[in-house]
Amino acid sequence: MGAPSEAQISRRTGGWITFPFIIASLVGLTLAFGGLTSNLIVYLIKEFDVESIDAAQITNLVNGAGSLTPVLAAIVADSFLGCFSIIWISSIISLLGAILLTLTTTVDSLRPTTCEVGSTSCTPKPKVQYVVLYAAIALVTLGNASLRSTLSTMGANQFDKPKDQGIFFNWFFFFLSGSTIVASTAIVYVEDNVSWKAGYIICVAANVVGAAIFLLGTRFYNNSKPEGSPFTSLARVVVASIRKRKLPLPSTSEDFYHGLMLVEPSKTYRFLNRAAIKSEGDVKPDGSTAKSWRLCSVQEIEDFKTLIKILPLWSTSFFLGTTIGVQGSLSILQALSMDRHIGPNFQIPAGSMLVFVMLSTALFLALFDKFLFPTWKNLSGKSLTPLQRIGVGHVLNFLCMGVSAIVESKRLNVAKSNQGSIIVPMSALWLVPQLALVGIAEAFHLPGQVSLYYQEFPITLKNLATAMISVLIGIAFYLTTALIDVVRRTTTWLPGNINNGRLDKVYGVLVVGGVLNFGYYVICAWFYKYKNIKAVVDHSDSPSHE
């Protein structure tokens with residue numbers, strides 16, 4: 001990461017003068033979101049008596065919405081409102097959610113009364129408490145999730161040179177990761193050891209400061225006008241091909257609308273080519289489209305076909321995200337039932353356990369670039385291609401589930417030897433190897449997927465590279481919720497008290513599923529033909545098949 005020069009900072013509109021405002025707002029808003037959601041499972045269980053598995057399900061839904069919302073926000077920003085409007089509106093929405101969630105810890109009528117375990121005199125909690133709780137969670141999730149993609153896009157739009165944009169993104173993700181770790185450790189520690197009220201008030205303050213700093217920089221921002229979303233172009237291809245489905249396909253390319261680029265329509269997925277058939281009234285005298293939802297250019301159709309061709313590979317990662325979602329939520333439940341002490345006076349908050357995933361991802365990404373990848377290239381003469389990186393991620397993923405099953409089996413044996421004890425006399429640090437393996441797997445497959453999509457997509461769809469990952473993770477968290485629900489309905493493996501369940505069998509099923517999914521991935525990767533051969537040659541010094 002390079003430091004901006006004085007000449008760069010001296011610009012008064014756009015450029016590096018906007019950097020402090022955007023980064024400070026990112027830090028404040030990320031601290032707020034991380035502090036409110038990292039420990040959410042524990043808050044639901046301890047304060048609202050939500051059953052442990054139900055609390056995990058709620059968190060999975062929050063994470064799913066948190067991944068899908070940025071894509072929807074990006075579409076709205078690109079098509080209608082622009083990034084600036086989305087950011088300040090979203091910051092207000094997240095602040096309202098943070099305030100509501102804080103009220104559940106301070107206002108007596110919204111704060112649930114404590115109920116001793118095993119007591120028969122507990123009164124049911126008023127429904128209004130749950131309405132406020134879930135409304136607060138929804139507002140926090142929607143507000144903060146909408147900020148992620150738009151804040152990074154707006155920051156990059158302040159610079160004209162790709163080099164400056166690259167420097168910005170490096171710092172952006174550095175501060176994003178750092179803020180997330182601080183929220184998941186320091187703020188969570190306050191919530192666990194001081195009070196929920198104190199922790200949530202810190203989150204409200206961070207949200208206020210982040211939003212205020214962003215608005216203070218208004219006069220310095222270079223606000224670009226909405227130019228339309230690439231998703232709109234893709235939707236137009238589908239709509240136009242359906243509306244012209246009864247038209248016969250022309251035998252010559254002259255009957256197709258080419259727009260600014262002369263591209264021959266390919267023979268794959270030929271039914272989509274109908275979207276480019278010119279009919280009366282479709283084209284203006286100047287050559288532009290008169291009815292954009294009835295006529296698309298051949299280039300737009302070919303772009304859509306590129307997306308279709310990569311969908312099978314993309315779909316293989318659903319199971320990757322699902323296993324990560326299952327382990328992420330259930331690891332917190334495991335930690336709650338284990339000895340989390342380090343020394344006599346310090347106890348690791350259960351909500352902070354997932355920090356080990358982030359730390360291992362960051363550590364191994366650095367090791368990959370500095371040591372592993374150069375060593376591999378020296379030994380093999382080739383660099384790892386994106387498909388190979390994703391494949392390694394698949395293997396590490398199901399190996400991680402195997403380690404999780406072994407550790408959980410040991411934990412259950414210790415629990416049986418100490419029946420009646422809520423806390424199993426086994427250190428929560430036993431969970432670190434499986435969480436570290438998740439982080440290493442993510443360091444392989446997530447950058448591999450972004451790299452694959454970015455090199456294969458045409459220039460008009462480059463921005464979809466990260467959006468594909470967000471949609472993938474969002475769907476995976478909802479599949480996680482569905483999977484846990486199916487297991488609860490069909491087995492006795494996930495009771496309210498996991499000490500009486502068989503979570504090790506759940507992990508065992510995920511191992512089998514991971515192996516089968518890897519087989520599916522190998523088939524898809526084997527038959528996939530790179531579109532951008534030059535990029536593959538640059539990656540591996542040879543256009544060999546994966």
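At 30% relative accessibility, Asp485 counts as partly exposed. The exercises below use a predicted model.

**Exercise 1.** Describe the salt bridge between Asp485 and Arg489, and the exposure of Arg489.

Solution.
1. The side chains of Asp485 and Arg489 form a salt bridge, with an N to O distance of 2.8 Å.
2. Both residues belong to helix H15 (residues 464-490), where they are four residues apart, or about one helical turn.
3. Arg489 has a relative accessible area of 69%, so this residue is exposed, the cut-off being over 50%.
4. Asp485, at 30%, is partly exposed.

**Exercise 2.** Are Glu408 and Arg411 buried or exposed?

Solution.
1. A salt bridge joins the side chains of Glu408 and Arg411 at 2.8 Å, N to O.
2. The two residues sit three apart in helix H13 (residues 386-417), about one helical turn.
3. Glu408 has 0% relative accessibility, and Arg411 has 0% as well.
4. Buried means under 20%, so Glu408 and Arg411 are both buried.

**Exercise 3.** Classify Lys305 and Glu302 by relative accessible area.

Solution.
1. Their side chains meet in a salt bridge of 3.3 Å, N to O.
2. Lys305 and Glu302 lie three residues apart in helix H10 (residues 298-315), about one turn of the helix.
3. The value for Lys305 is 1%, which makes this residue buried.
4. Glu302 has 14%, which is under 20%, and therefore is buried.

**Exercise 4.** Which residues are linked in a network of salt bridges?

Solution.
1. The structure holds ten salt bridges.
2. Glu51, Asp54 and Arg488 are linked in such a network.

Methods. Residues numbered from 1 in each chain as written. Predicted model: local features only at pLDDT ≥ 70, side-chain atom pairs only at ≥ 80, totals over all residues. Heavy atoms only, no water. Salt bridge = Lys/Arg side-chain N within 4 Å of Asp/Glu carboxyl O. Buried < 20%, exposed > 50% of the residue type's maximum accessible area, 1.4 Å probe, protein only.
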